[in-house]
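Student: I am new to this structure and would like a close look at one part of it. Could you walk me through how some of the helices pack against each other?

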Amino acid sequence: MTMLNHQPFRDWLFSEESLNPQDALLFQEHLRTCEDCQRQRLAWNGARHLFQSSGQVDPAPGFMNRWQMRLAAQRLRKQHKLAWTFFFAAAGLALLTLAVLGWQVMEAFRAPQSLLLILFLRLAGFVTLWNTVGDYLSVFRAMVPGLPVVGLVFFTGFISMISVLWLATYKRLISVRRIVE
Amino acid sequence: MINIEPEWIAQAQRGNSEAFSKLVETCQSPVYNLCYRMLNDPYEAEDAAQETFLRAFNNLRHYDESRSFSTWLLSIAAHYCIDQIRKRRMNLLSLDDAVYLDPPDTAPGPEKALSTGEEQKRVRLLLEKLSPQDRAAVIMLYWYDLSYEEIAEALSMSVSAVKSRLHRARQVMAQSWSEQEVLVKTDRRQNDHAQSPAF
């Protein structure tokens, strides 16, 4: 028998799909005459029988506990990783801020006249503000002559507190009451 | 194949680790068995089975409920084992050099243990001739009775590829079985010769 007409039988030998009656008959006929195919069939049947009889291998006792320990260890590792990620992110941000600040300071030292000018302008601004507030206060004191500065502060605080209390009371009054069943 | 309550899966997906523990308890043997058959080492198999459950736990939200949970688990285990075998090959470690360790399964008596050990060794010799994917397909078919479609889905390949791989694997295993038979007969003949009264 040539290899060409032998090939379909070799394919059927290792295929577990059912053959049509005609092919099955041909295959049986071939098996009776071909020793090589008989050997192959016996070998494969032996291997398949071994698989079917060998059964399932179980893990060593305590698999569940070991898995739970591994899960706990993994969670801990994740937490550590998260903490380190947060730490490095915060450190990176701090370094970036420092770098920006450092760069600005360097720029300022490179051109000190502009820094001094800014400082001077800011100082002048503060002085102007102080004087304006002082003017307003003097006008107010002239209007209320008997009240000292400390008394004025207390009076203002008292008025603010009363306003807050009034607002809170008003909110409670206008809110929808809960109906108790 | 494996009796899993759908309620456990639903609860585990909602973050209930106790429900997932029940799943681990139910599926530990099939998953371990697949890993053991793939890797041929009880310690590596234990590690692979544990890793499989961890991966399943971490990816439970990706689990498609239309699929069988056990097939999904076996798919994770098979892919992990295939990767491990590839890594092992990259590290130039040969399976032939590895010391064969019997699985931790306990047999009732010494004779039974001996025969079980022999049987497991023959299974190992048959499976180690196959490529990792072919081995996974053979294990899924003959130990778990998965259909070609399920195997194809689990191993991310087409049904025709599964059929072709299984066909090739059967040929290789038949060849290997024949070689083993010759060795077994030679061993028996040598033993008989050594035990004969003439010596």
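Tutor: Happy to! Let us begin with a term we will need: a crossing of two helices is left-handed if the near helix is turned anticlockwise from the far one by less than a right angle, and right-handed if clockwise. Keep in mind as we go that this is a predicted model.

Now turn to chain B and find helix α1 (residues 6–13) and helix α2 (residues 17–39) of that chain. Their axes come within 7 Å and cross at roughly 135 degrees. As for the handedness, α1(B) and α2(B) make a left-handed crossing. On the α1(B) side, the contact is made by W8(B), I9(B), Q11(B) and A12(B). From α2(B), the partners are A19(B), F20(B), K22(B) and L23(B). Sorted by class, the residues of this contact of α1(B) with α2(B) are 6 nonpolar, 1 polar and 1 charged.

Next, follow α2(B) to another packing partner, helix α6 (residues 132–142) of chain B. Here the angle is about 140 degrees, and the axes lie 10 Å apart. That again makes α2(B) oblique, this time to α6(B). The crossing of α2(B) with α6(B) is right-handed, whereas that of α1(B) with α2(B) is left-handed. To find the contact in the picture, look for L34(B), R37(B) and M38(B) on α2(B), and for R135(B), A136(B) and I139(B) on α6(B). This group divides into 4 nonpolar residues, no polar ones and 2 charged ones.

To place this part in its surroundings, let us look at the other chain too. Chain A has 6 helices and 0 strands, and along its sequence the pattern reads α-α-α-α-α-α. Buried residues make up 6% of the 181 residues in chain A.

Finally, here is where the two chains meet. The contact takes 25 residues from chain A and 32 residues from chain B. On the chain A side, the elements that give two or more residues are α3 (35–54) and α4 (63–110). Of these, α3(A) gives the most, with 10 residues. By class, the side of chain A that touches chain B has 13 nonpolar, 8 polar and 4 charged residues.

Conventions: Residues are numbered from 1 along each chain as its sequence is written. Chains are lettered from A and ligands numbered from 1 in the order in which they are written. This is a predicted model: local features need pLDDT of at least 70, side-chain atom pairs count only at pLDDT 80 or more; totals for chains, interfaces and linings use all residues. Two residues are in contact if their C-beta atoms, placed from the backbone, lie within 7 Å. Helices (H or I, at least four residues) and strands (E, at least two) are DSSP runs, numbered from the N terminus. Ala, Val, Leu, Ile, Met, Phe, Trp, Tyr, Cys and Pro count as nonpolar, Asp, Glu, Lys and Arg as charged, and the others, Gly among them, as polar. A residue is buried if 20 or more other C-beta atoms lie within 10 Å of its own, exposed if 12 or fewer, and partly exposed in between; C-beta atoms are placed from the backbone. Axes are lines fitted to C-alpha atoms, for helices over the stretch in contact, and angles run from 0 to 180 degrees between N-to-C directions. Angles under 35 degrees count as roughly parallel, over 145 as roughly antiparallel, 65 to 115 as roughly perpendicular and the rest as oblique.
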